[in-house]
Amino acid sequence: MKIAILPGDGIGPEIVAEAVRVLQALGEQFEMETAPVGGAGYEASGHPLPDATLQLAKDADAILFGAVGDWKYDTLERPLRPEQAILGLRKNLNLFANFRPAILYPELAGASTLKPEVVSGLDILIIRELTGDIYFGHPRGVRLAPDGPFKGEREGFDTMRYAETEIRRIAHVAFQAARKRSKRLTSVDKANVLETFQFWKDIVTEVHQEYPDVALDHMYVDNAAMQLVRAPKKFDVIVTGNMFGDILSDAAAMLTGSIGMLPSASLDANNKGLYEPSHGSAPDIAGKGIANPLATILSAAMMLRFSLNKPEQADRIDAAVKSVLARGLRTADIYEAGTTLVGTRAMGDAVVEALN
Ligand SMILES: NC(=O)C1=CN([C@@H]2O[C@H](COP(=O)(O)OP(=O)(O)OC[C@H]3O[C@@H](n4cnc5c(N)ncnc54)[C@H](O)[C@@H]3O)[C@@H](O)[C@H]2O)C=CC1
Ligand SMILES: CC(C)CC(=O)C(=O)O
Ligand SMILES: [Mg+2]
């Protein structure tokens, strides 16, 4: 089985190194090949998603991805910016279904900024559509406004759009995921304002007819953001568009104690996938050896479960992470008085040692 390892920028190489060590410690024969991506791809070959990196990703059975981006690239023209690499991988590989499970480990109840009783026992799943919406819509750009009160003035514009097929397929993924859990699905939209999301709501409602055993409700995204911090345990599975899912999943990350705890799986229709933490390249802490590698390690566990058909190995990693947290080891982002502060490498070491 071949795994493409794409560490990327910032903390990416630090956290991916730990996930790779955990994978290597499982005793399986994984073939791993590393390639530059993001700013590292740009430095290596003048493009954030070099052809060879894309080919490696296509050929591999699964992809382990760190993060891309650094402020120093923010003035490059958009096609050359590091973020285009992850957007390009998602689009090229048709990774339309993004699973972001937000689970609060009991030991981290005090690490969340929310009261323990609000978050204890939290186990929700955000399913984010990943290859459509305003992140990919055309036309886009900066132009002279063709009409309206600011006619002739420069304006920035993007296009929000969703094709019926895109909504149907993510809705099926979400109903099927909900069916395996508590059979409750919340579709998050902005149908009160946006045509795209009225259409989204209508199609999700139609698809629901095929899943009468799943209870569906609809919620506007502004309310959903509020409910996520007010009473997050009322949710079970949330399905939403690309941009709303991006924003809501960062908010949900804080329910788990830190964004450094939120893994993700991005899947195509055949469960080929890219696995990455939900956070970015964290340039503010890059190179300091203090980043939390657990979201990436847990993403590797998702890879074993979803793409590599090794659920027992995924369970070993999940159990090792739990035991390390139970031992009181904490990176800075989840540190509390009375626990033991460790760096990225020591956290990786501890997970490797805890594998059994
Ligand atoms: N999939 C990807 O590659 C993504 C890339 N980005 C890019 O990352 C760069 C930084 O973006 P930001 O908005 O700052 O978001 P970010 O997620 O990188 O960081 C936000 C905050 O969370 C902290 N943080 C993130 N991951 C952490 C970890 N594992 N352990 C401890 N603390 C952690 C950071 O130190 C920072 O204070 C930008 O260039 C952005 O475009 C952002 C999101 C996803
Ligand atoms: C480049 C961004 C769209 C990445 C991001 O924020 C995410 O996937 O969460
Ligand atoms: Mg994001």
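User: At what angle do α6 and α7 pack, and how far apart are their axes?

Analyst: This is a predicted model. In it, α6 and α7 pack at about 50 degrees. Their axes are 9 Å apart.

User: Roughly parallel or oblique, then?

Analyst: Oblique, because of that angle. The crossing is right-handed.

User: Which residues meet there?

Analyst: From α6, the contact takes in E164, I167, R168, I170, A171, H172 and F175. From α7 come F199, W200, I203, V204, E206, V207 and H208. By class, nine residues in this contact are nonpolar, two are polar and three are charged.

User: What about α8 and α9, what angle and axis distance there?

Analyst: Helix α8 covers residues 221–230 and helix α9 covers 242–253. They pack at about 10 degrees, with axes 10 Å apart. The angle is under 35 degrees, so α8 counts as roughly parallel to α9.

User: Left-handed or right-handed crossing?

Analyst: Right-handed, as α8 passes α9.

User: And which side chains or backbones touch, by residue?

Analyst: V221, A224, A225 and L228 of α8 meet F244, L248 and A252 of α9. The contact has seven nonpolar residues, with no polar and no charged ones.

User: Switching to aromatics. How many aromatic pairs are there?

Analyst: The structure has seven. One of them is Y42 with Y73, an edge-to-face pair. The ring centres are 5.9 Å apart and the planes are at 75 degrees.

User: Where do Y42 and Y73 sit in the chain?

Analyst: Y42 is in helix α2, residues 39–45. Y73 is in the loop between β3 (62–67) and α4 (83–92). The two are 31 residues apart, and the pair links distant parts of the chain.

User: Are those two buried or exposed?

Analyst: Y42 is partly exposed, because its relative accessibility is 25%. Y73 is buried, with a relative accessible area of 7%.

User: Give me another pair. What is the geometry of Y162 and F197?

Analyst: Edge-to-face again, at 6.1 Å centre to centre. The planes are 90 degrees apart. Y162 lies in the loop between β7 (154–157) and α6 (164–179). F197 is in helix α7, residues 195–208. That pair also links distant parts of the chain, 35 residues apart.

User: Is each of them buried or exposed?

Analyst: Y162 counts as buried, at 7% relative accessibility. F197 is buried as well, at 0%.

User: Which residues make up the aromatic cluster with Y162?

Analyst: Y162, F197, W200 and F244 form one cluster. W200 also belongs to the α6 and α7 contact. F244 belongs to the α8 and α9 contact.

User: OK, backbone. Which bond is cis?

Analyst: The peptide bond joining H138 and P139 is cis, with omega about 0 degrees. P139 is in the loop between β5 (123–129) and β6 (141–144).

User: Why is that worth a look?

Analyst: Because most peptide bonds are trans. Most residues other than glycine also have a negative phi.

User: Then what is the phi of N271, and of N309?

Analyst: N271 has a positive phi of about 65 degrees, and is not a glycine. N309 is near 55 degrees, also positive.

User: Where are they, and are they buried or exposed?

Analyst: N271 is in the loop between β11 (265–267) and β12 (273–275). At 37% relative accessibility, N271 is partly exposed. N309 is in the loop between α10 (294–306) and α11 (311–326). N309 is exposed, at 64%.

User: Last stop, the loop between β12 and α10. What does G289 touch?

Analyst: G289 lies in that loop. Leaving out residues up to four places away in sequence, G289 touches E14, G343 and T344. The C-alpha atoms of G289 and G343 are 5.7 Å apart, although 54 residues separate them along the chain. G289 is partly exposed, at 32% relative accessibility.

User: And K288, buried or exposed?

Analyst: Exposed, with a relative accessible area of 54%. K288 is in the loop between β12 and α10 too.

User: How far is K288 from P146?

Analyst: They are 49 Å apart, C-alpha to C-alpha. In sequence they are 142 residues apart.

Technical notes: Residues are numbered from 1 along each chain as its sequence is written. Chains are lettered from A and ligands numbered from 1 in the order in which they are written. This is a predicted model: local features need pLDDT of at least 70, side-chain atom pairs count only at pLDDT 80 or more; totals for chains, interfaces and linings use all residues. Side-chain values use heavy atoms; hydrogens and water are left out. Helices (H or I, at least four residues) and strands (E, at least two) are DSSP runs, numbered from the N terminus. Buried means under 20% relative accessible area, exposed over 50%, partly exposed in between (1.4 Å probe, protein chains only). Axes are lines fitted to C-alpha atoms, for helices over the stretch in contact, and angles run from 0 to 180 degrees between N-to-C directions. Angles under 35 degrees count as roughly parallel, over 145 as roughly antiparallel, 65 to 115 as roughly perpendicular and the rest as oblique. A crossing is left-handed if the near helix is turned anticlockwise from the far one by less than a right angle, and right-handed if clockwise. Contact means heavy atoms within 4.5 Å. Ala, Val, Leu, Ile, Met, Phe, Trp, Tyr, Cys and Pro count as nonpolar, Asp, Glu, Lys and Arg as charged, and the others, Gly among them, as polar. Rings of Phe, Tyr and Trp (its six-membered ring) pair if their centres lie within 6.5 Å; planes under 30 degrees apart count as stacked, over 60 as edge-to-face and the rest as tilted.
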